[in-house]
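My entries are kept in the order in which I made them.

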Amino acid sequence: MSQYKKNSLSLTGAVSLGTGVMIGAGIFALLGQVAELSGQWFPIAFLVGAIISGFSAYSYVKMSNAYPSAGGIATYLKKIYGKGALTASGALLMAFSMVINESLVARTFGSYTLQLFDVSDNSVWVPVLGVILLITAFLINISGNNVIGKSSLVMAILKIGGISIFAIGGLWAAGFSFSEVVPSSSLSEYPVSSYLGALALSILAYKGFTTITNSGGEIVNPNKNVGRAIIISLAICTIIYLLVAFAVSSNLSIEEIIRAKDYSLAEASRPAFGKYGLWFTVGIAIVATISGVIASVFAVSRMTAMLTDMDLIPHRHFGMPGGIQKHMLVYTVVSAIALTVLFDLTRIASLGAILYLVMDIGIHWGILRNLRKEIKANAAIIVTAIILDLIVLGAFLWIKVSSDLLVVVVAAVLTVLVFTGEKWFLKKTDNI
């Protein structure tokens, strides 16, 4: 962990990291919340979310082909905006959204694990188990890249295979037919803003592809393989999400999915497979959430270490031994633990979606204005990505202002504090 190791991650390992973050949070933590906002159309929301994420991924693929780096998005922002408050703020917002994702997955781990026991949904054991998972992820990460790559690959195979068995088995048990793909309810059942809000959360389910960029300096043949890993990860997760969404909708009513939104896959396994199916599904959820947290902690530590190397964020050792990367692992996990204890799944997901979309728009806009010709990017695709992000973000903010203003206030305050803090820090360091 003391230094970056080139060629220490294969293409397969990079895909494992990407799918590890996406599947860990996306399908287990967010399916119920997406269903709550879009009703019977929630499987379609995941498909449209994949399309929107595909437009966004274009910018990251282009940047990774031109500037592969262990700093990933931090490096991209520096190329786009130079060394300044915008670069540092955008990178920190991305890092915060990833830490938020870790707490989201950690609480999901607790919610699913408790389905094996006769414990209430609001039990204190949900955050306790989440904290235990985060500490475990920290211990695995300090073991080094080789351990991380091998563990991520093994867990990726287990969870993708397991989720596929759940989805196919659930569809078979429910007697699913392709005529059920089209929902019976009208789109007018929910307001347009609600469907767009569901897209915001579905996009959050795919945002894990960005973690691949943070290992650009360590992936074999990064100029090609970072982009390939992003595309492959998105394709795998789209297929998995759709299979699972249709399996859940075939076995549970929308009311039942919403009622069990924090552990909807486990609930869907009961009518299809009974108690053995429940154990199997919870087991897969445990594997998926563990690998998701490991992969996310890995990526955030790389990104924040790079920001420190760039002199874009302050750093204090506080008497800890080891290098900067190990210190960043500590800060990342401690922050995720605090969020896991203080917030519930719905608020954590909402905060993560807002911060990610804000940062994503900043990446696209900067490329369009400053780097489009240099990296040979298509302006029409980038403009489309910006418009789609703005529409979804605007609708989601509207929903949250009406239903949970605290989330919007926290997101706004955090964004302002990050920008003003970076302005002060960079001005101070420039005068030294």
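The entries below record what I looked up in this predicted model.

**Entry 1**

Rolling a probe the size of a water molecule over the atoms shows where empty space is left. My search returned 1 cavity of 30 Å³ or more. I noted a volume of about 40 Å³ for the largest cavity.

Next I asked which residues line the largest cavity. I listed Phe343, Arg347, Leu351, Leu406, Val407 and Val410.

I then turned to the helices behind the lining. Both α12 (345–371) and α14 (405–430) supply at least two lining residues each. The most comes from α14, which gives 3 residues.

**Entry 2. Aromatic rings**

I counted 5 aromatic pairs in the model. I looked at one of them in detail, that of Phe28 and Tyr112. Their ring centres are 5.3 Å apart and the planes stand at 90°, which I recorded as edge-to-face. Phe28 belongs to helix α1 (residues 11–38) and Tyr112 to helix α4 (residues 85–113), so the pair ties together parts that are 84 residues apart in sequence.

The cut-off I applied for buried is under 20%.

I also noted a cluster in which ring pairs link Phe46, Tyr206 and Tyr241.

**Entry 3. Positive phi angles**

Most residues other than glycine have a negative phi. I therefore looked up residues that depart from this pattern.

Asn221 is not a glycine, yet its phi is positive at about 50°. I located Asn221 in the loop between α7 (192–206) and α8 (222–251).

Where does Lys376 lie? I placed Lys376 in the loop between α12 and α13 (379–403). With a relative accessibility of 67%, Lys376 went down as exposed, since the cut-off for that class is over 50%.

Methods. Residues numbered from 1 in each chain as written. Predicted model: local features only at pLDDT ≥ 70, side-chain atom pairs only at ≥ 80, totals over all residues. Heavy atoms only, no water. 1 Å grid on protein atoms, 1.4 Å probe; cavity = no way out; pocket = protein on both sides within 12 Å on 5 of 7 lines; lining within 4 Å. Points joined across faces, edges and corners; volume = space filled by probe spheres on them. Helix = DSSP H or I, 4+ residues; strand = E, 2+ residues; numbered from the N terminus. Phe/Tyr/Trp six-rings, centres within 6.5 Å; stacked < 30°, edge-to-face > 60°. Buried < 20%, exposed > 50% of the residue type's maximum accessible area, 1.4 Å probe, protein only.
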